[in-house]
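Here's a quick briefing to keep open while you click through the model. Have the viewer ready, and we'll go topic by topic.

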Amino acid sequence: MDERRSVGGATRWACHAPSLSVLVCLLLAGCASAAAGRPAGHTPTVTASHTRFSAYVDTRLGFSLALPAGWTALPSPALRARPNIGAVALADPSHPGTLVLVSVLRGAGMAAAFAARGTPDSAIGPYPAFIADTDAATSRVPCLIRILLAGQDYVTGEECARDAPAHAAALTALLATYLPAAPSNAVPLKPARPAQEDCATAQHLGGYDPATATWGRMLARPRATSPAVGWGALQPGVFVCSNTGSPDRYLFQCTELVNRLDWELFALPRFTGHSELYFDYADATGAHPGQVRSLLPTGTYTLYDDASQGTSASAPAPGDLLIFQDVKSAAAGWRSGIRAGTLGHVAVVTAVDATHVYIAQENYNDWHYFLALPLTHTIAGWHITDLSGLPNRIVRGWIRFVGIGV
């Protein structure tokens, strides 16, 4: 359940693992389906005719996937994505616990980026692949993550559910139908027009009735300009929704907002772990690379330490993910290790000026969903001051996507 902490008479929220986006709580939320008491999942079978078969054909990149009978597809709006990236969420309407998200980055550098991961530990159809699953120790439910290389396409497929390991073979079979270009005998599906999800739609797709729900009210629209400059230079942003009083451990959490924004704006795959694990972190066994390194290809992101944790070569910028960690000693910094039982927090940078960085966030409270944090420049670089009041919470740094957004 959600973790509340009282600080100075105000209720602060510690953030949980993502709902895996709003796209059907979205489209990876076998997680939210289980939380809502619906079936945890259904193992699909991939069938295709030898002559003509139903396929999702991406309108941005032209790749295709043969889909099980009855499955539907919802592509990412990709509002700010470059032409070399596309994504689609795939769902079986009769079994909402089975949801898969596929993200594709295309380019001449993808083969080298894939090779930089090391020797592939698996194969999916004719493609070399890596398995990058997360488990209940790092996310609220297990998540299947498959990364494959198809020519110049770096393809990520994800599925999260309480019984996700039982779906591994089905996910592999689905991804094995991937083709960089659709064959002439494909019968393209006609997916619904991509749209940004508002709070009520997210609740409905998550299995709740917005008309009777006493939580999930809308806090801000995608083009909000206040408080604290709103979405600022990042417009359009996404809908910001309240998690106060929620029975759902995923919907409208801090990670849900970030994952939904990255899906709708940049067509990026979901980060499936706790927010404090996005950036490099330390625990009792030593330092570890954050999830951004295990999920995205090299060259598509840059990590910047907050000046209190290292040396930052660049100030934060709109679109960056701002990572907070709860560590054993704020004075000792991130290398002192994450405290047991903490989840951290993540926000998205919406604007920056000489003295402040402006952020958007969910599951902090219902007043500071847009917030200005003090920004100072020191000899080590840029430092952001955390205003949560939580003991030993640090600003770990910010993650910037490179060559993905415009």
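How many bridges join strand 19 to strand 20, and do they run parallel or antiparallel? Four bridges join strand 19 (residues 345-352) to strand 20 (residues 356-360), and the two run antiparallel.

Before going further: this is a predicted model, where local features need pLDDT of at least 70, side-chain atom pairs count only at pLDDT 80 or more, and totals for chains, interfaces and linings use all residues. Residues are numbered from 1 along each chain as its sequence is written, and side-chain values use heavy atoms, with hydrogens and water left out.

**The chain overall**
- The protein chain has six helices and 23 strands; helices (H or I, at least four residues) and strands (E, at least two) are DSSP runs, numbered from the N terminus.
- Of the 406 residues in the protein chain, 57% are buried. Buried means under 20% relative accessible area, exposed over 50% and partly exposed in between, with a 1.4 Å probe and protein chains only.
- Take the contacts (heavy atoms within 4.5 Å) between residues at least 6 apart in sequence: 65% of them join residues at least 24 apart.

- Seven strands form an open sheet in the order 17-23-18-19-20-21-22, with antiparallel pairing. Two strands pair if DSSP finds at least two bridges between them.
- Strand 17 (301-305) and strand 22 (381-384) are the edge strands, each pairing on one side only.
- On average, neighbouring strands of this sheet are turned by 35° against each other, direction ignored. Axes are lines fitted to C-alpha atoms, for helices over the stretch in contact, and angles run from 0 to 180 degrees between N-to-C directions.
- Helix 5 (residues 254-266) packs on the sheet, where it touches strand 18 (321-326), strand 19, strand 20 and strand 23 (393-401). The direction of helix 5 makes about 50° with that of strand 19.
- Helix 5 is mostly covered, with 13 of its 13 residues buried.
- From first C-alpha to last, the 13 residues of helix 5 reach 18 Å, close to the 18 Å expected at 1.5 Å a residue. That expected span is 1.5 Å times one less than the number of residues.

**The buried side of helix 3**
- In helix 3 (residues 168-175), the buried residues are A170, L171, L174 and L175.
- Why do they end up on the same side of helix 3? They cover an arc of only 130° around the axis, which puts them on the same side; the arc is that of the directions from the helix axis to the C-beta atoms.
- As background, an α-helix has 3.6 residues a turn, so residues three or four places apart point the same way.
- The cover over these buried residues includes strand 4 (64-66), strand 6 (85-91), strand 7 (99-106), strand 8 (122-124), strand 10 (143-150) and strand 11 (153-160).

**Q291 and its surroundings**
- Q291 lies in helix 6 (residues 291-295) and counts as buried because its relative accessibility is 9%.
- The side chain of Q291 makes a polar contact with the side chain of T272 at 3.0 Å. A polar contact is a pair of N or O atoms within 3.5 Å; within protein, one must be able to donate a hydrogen and the other to accept it, and residues adjacent in sequence count only if both atoms are side-chain atoms.
- Leaving aside neighbours within four places in sequence, Q291 is in contact with T134, I145, F271, T272, G273, L277 and Y278.

**Backbone spots worth a click**
- Just after helix 5, A267 takes a positive phi of about 60°, although A267 is not a glycine. A267 sits in the loop between helix 5 and strand 15 (281-283) and counts as buried at 0% relative accessibility.
- N363 also has a positive phi of about 60° without being a glycine. You'll find N363 in the loop between strand 20 and strand 21 (370-378), buried at 5% relative accessibility.
- A cis peptide bond joins S226 and P227, with omega about -10°. P227 lies in the loop between strand 13 (218-220) and strand 14 (240-241).
- Another cis peptide bond joins Q235 and P236, with omega about -5°; P236 is in the loop between strand 13 and strand 14.
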